[in-house]
Structures are given as structure tokens and as C-alpha cells.
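Student: Could you take me through the salt bridges here, pair by pair? I would like to see where the partners sit and how exposed they are.

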Amino acid sequence: MDRLKRALRRINRIRSIAVLTGSGISAESGISTFRDKGGTWDNYDVEQVATYEGFSNNPSLVWEFYDKRRCEIKKTSPNNGHFALSKLERASEQNNVIFTLCTQNVDGLHHRAGNKNVLELHGNLWDAFCINCGLHVLLTETPLKTIPPKCSKCNNLLRPNVVWFGEPLCETTLNHAFEVMDCDILIVVGTSLLVYPVAYFPFLALRNNALVIEVNIEKTEASDCFLFVQGKAGETLSVITETIMDYLLDQNEKN
Ligand code: BJW
Ligand code: ZN
């Protein structure tokens with residue numbers, strides 16, 4: 001962690017910390033990533049289950065896919081990687097540092113680990129909304145009694161509140177995330193950085209002179225642009241966050 005300590009020393013004052021996570025952070029909780037060997041897209045056709053067109057063609061197939069994932073996720077728990085980030089949020093709060101966690105994950109594990117300031121960029125699979133009247137419903141029962149589930153108000157189809165390919169991200173959330181990338185430190189964890197617009201985020205942070213730390217079990221195409229730390233999120237993140245927390249304490253004592 002000497003490289004990290006040297007890089008931290010170059011920051012005049014840490015005012016804001018941002019985190020960007022992908023499915024790799026939940027891998028150690030037993031949840032599949034998307035593009036790794038044996039990942040979700042090895043077993044399902046993206047066009048059929050993660051596009052609006054696929055949903056229109058066969059809503060039951062899409063709901064079966066999400067219901068299976070909801071059942072699996074319900075049985076899992078946050079891991080050390082998630083907990084390291086909730087500890088970092090608490091330490092940031094205590095030291096008057098702004099902390100925001102942006103996640104592409106829809107599993108809700110960051111909330112379950114105790115993080116509060118979370119932007120769910122690709123939605124949340126415990127939430128659904130009606131394609132006709134827009135009514136939002138929290139769907140916590142697993143497995144669902146009826147597939148596909150219908151709207152209690154107008155009896156039209158409900159869809160999972162997730163972002164499929166070809167769909168825009170929620171504008172308010174996206175604009176907020178752009179602002180968050182104007183930070184002093186960005187920690188990028190467990191994402192291949194292959195999906196846009198999120199793949200741009202670390203580069204926005206770099207343009208804002210942030211220190212960008214990337215944690216991944218293997219290099220991504222962008223790793224050479226960042227301070228790359230190779231390892232499992234559950235094992236490496238706590239070392240990184242403890243090092244940053246030491247700096248936050250030092251900084252607070254000096255002021
Ligand atoms: C570990 C680990 C451990 C493993 N520890 N690390 C050509 C060029 C540019 C863009 C496009 C293009 N063609 C199409 C597009 C746009 C498209 C896109 O980006 N496509 C790319 C594939 C090229 N993007 C979109 O369509 C987006 N919308 C959009 O652009 O809207 C524009 C618009 C404007 C106005 C009107 C209309 C449209 C939407 C993207 C939505 C993505 N949705 C999904 C599904 C969400 C719901 C669900 O979960 O079912 O989001 S796809 C999937 O990919 C999911 C993820 O959030 C996302 C990212 O995946 P992630 O998390 O990075 O997973 P992996 O598997 O890729 O990587 C895992 C990583 O973890 C690996 O690096 C491992 O090494 C690592 N790892 N174990 C640490 N223990
Ligand atoms: Zn409705």
C-alpha cells in the first residue's frame with residue numbers, strides 16, 4: 001500500500017470520496033457477475049432478458065430470470081468488501097468528508113451493509129413499476145406467486161425497475177453521479193467498465209484531478225490509467241479503506 005500512501009500524500013485536503021461498484025463486489029457473496037466465465041451472460045441471452053424488446057416479446061421469461069436472481073440474492077449477505085465501504089462512509093461523515101457510493105448493482109447489498117448515500121445507477125430488483133400507469137411497487141416476496149406480476153391499479157404489466165440495454169439511466173441520478181465524480185478520491189471496485197455511460201465515470205473523475213483507485217481481480221482495459229490494486233474486493237478493500245481512514249483522522253487533527 002506504499003503506492004497508495006504516496007498518492008494520498010499528494011492530496012492537499014480530502015473533501016469528498018466517491019465509490020463506483022460493479023458486480024465483482026458481490027461475487028464473494030455468491031452472486032454471479034455478468035461477463036466473467038460462467039457469468040450471467042453465459043447462461044442467458046442479453047437480448048431476451050435485458051432489453052425492453054425482449055420483455056415485450058416474453059414478459060414471463062424476463063420475470064422468471066429476475067425472480068430466480070431475487071431468490072438467490074435474498075439468501076445472500078453483504079461481504080467484507082461491502083462492510084469496508086459502509087465503515088468508510090461512517091468515517092467520512094465523522095470527519096466532514098462527503099461520501100457517495102455509486103453502484104451499477106441492483107442487488108441492494110450496499111444498503112444492507114449499512115451504506116446510506118447510495119446512487120443505484122441501474123436500478124434495484126426489489127422495485128417494480130407498471131408499464132402503463134407508472135405505479136411503483138416494492139416486491140419483496142420470493143418466489144413471486146404470479147408471473148408476470150400485474151399492477152394492482154390498472155392490471156397492466158409490471159416490470160422490474162432496472163435499466164436495460166438501450167434505455168437511458170434516470171436523469172436525476174445520472175446528473176447527481178456526474179457531480180459526484182468531481183471528487184478527491186474515487187474507488188472503482190469490481191466492474192469491467194465495459195458498459196456506458198458508467199464506463200466514462202472514472203475518466204470524469206481523472207479530469208477533475210481525482211485520485212482513482214481501481215480494485216479488481218484482473219486488469220480492465222482502463223487499469224493503466226488508474227492506481228490499480230489487484231485482488232478480491234473482500235480482501236483488498238478493507239486495507240485501502242483503513243489507509244484512507246488514517247488520512248482522514250490525521251487531516252482532522254491538523255485542523
Ligand atoms: C471482481 C471479483 C472480486 C470478479 N473482486 N473484482 C457502443 C459503444 C458505446 C456504448 C454503446 C455501444 N453500443 C451500445 C451502447 C450503449 C450500452 C452499452 O454500454 N453497451 C456496451 C455493452 C457496449 N449502454 C446502454 O444501453 C445503457 N443505456 C444507454 O446508453 O442509454 C443511452 C440512451 C439515451 C437516451 C435514450 C435511450 C438510450 C444502459 C446500460 C444498462 C446495463 N444494464 C445491465 C443490467 C441491469 C439489470 C440487471 O442486473 O439485470 O447492468 S447489463 C450489466 O452490465 C448490468 C451491470 O450493472 C453492467 C456492468 O457490469 P459489471 O458490473 O461491470 O459486471 P462484469 O461482469 O462486466 O464485470 C465484473 C468485474 O468484476 C470483472 O472486471 C471481474 O474481473 C471483477 N471481479 N470478482 C473484485 N471478487
Ligand atoms: Zn398500472
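**A close look at the salt bridges**

Tutor: Happy to! Keep in mind that this is a predicted model. Side chains of opposite charge can pair when their charged atoms come close. Counting a pair when a Lys or Arg side-chain nitrogen lies within 4 Å of a carboxyl oxygen of Asp or Glu, we get 6 salt bridges. Let's visit some of them.

Start in helix α6, which covers residues 59-75. Here K68 and E72 form a salt bridge, with 3.5 Å from N to O. The two residues are 4 apart in the helix, so about one helical turn separates them. As for the surface, K68 has a relative accessible area of 45%, which makes this lysine partly exposed. E72 is partly exposed as well, at 40%.

Now turn to K87 and E242, whose closest N and O atoms are 2.9 Å apart in their salt bridge.

Finally, look at E141 and K145. Their salt bridge brings the closest N and O atoms to 3.1 Å. E141 is partly exposed, at 32% relative accessibility. K145, on the other hand, reaches 73% and counts as exposed, because the cut-off for that word is over 50%.

Technical notes: Residues numbered from 1 in each chain as written. Chains lettered and ligands numbered in written order. Predicted model: local features only at pLDDT ≥ 70, side-chain atom pairs only at ≥ 80, totals over all residues. Heavy atoms only, no water. Buried < 20%, exposed > 50% of the residue type's maximum accessible area, 1.4 Å probe, protein only.
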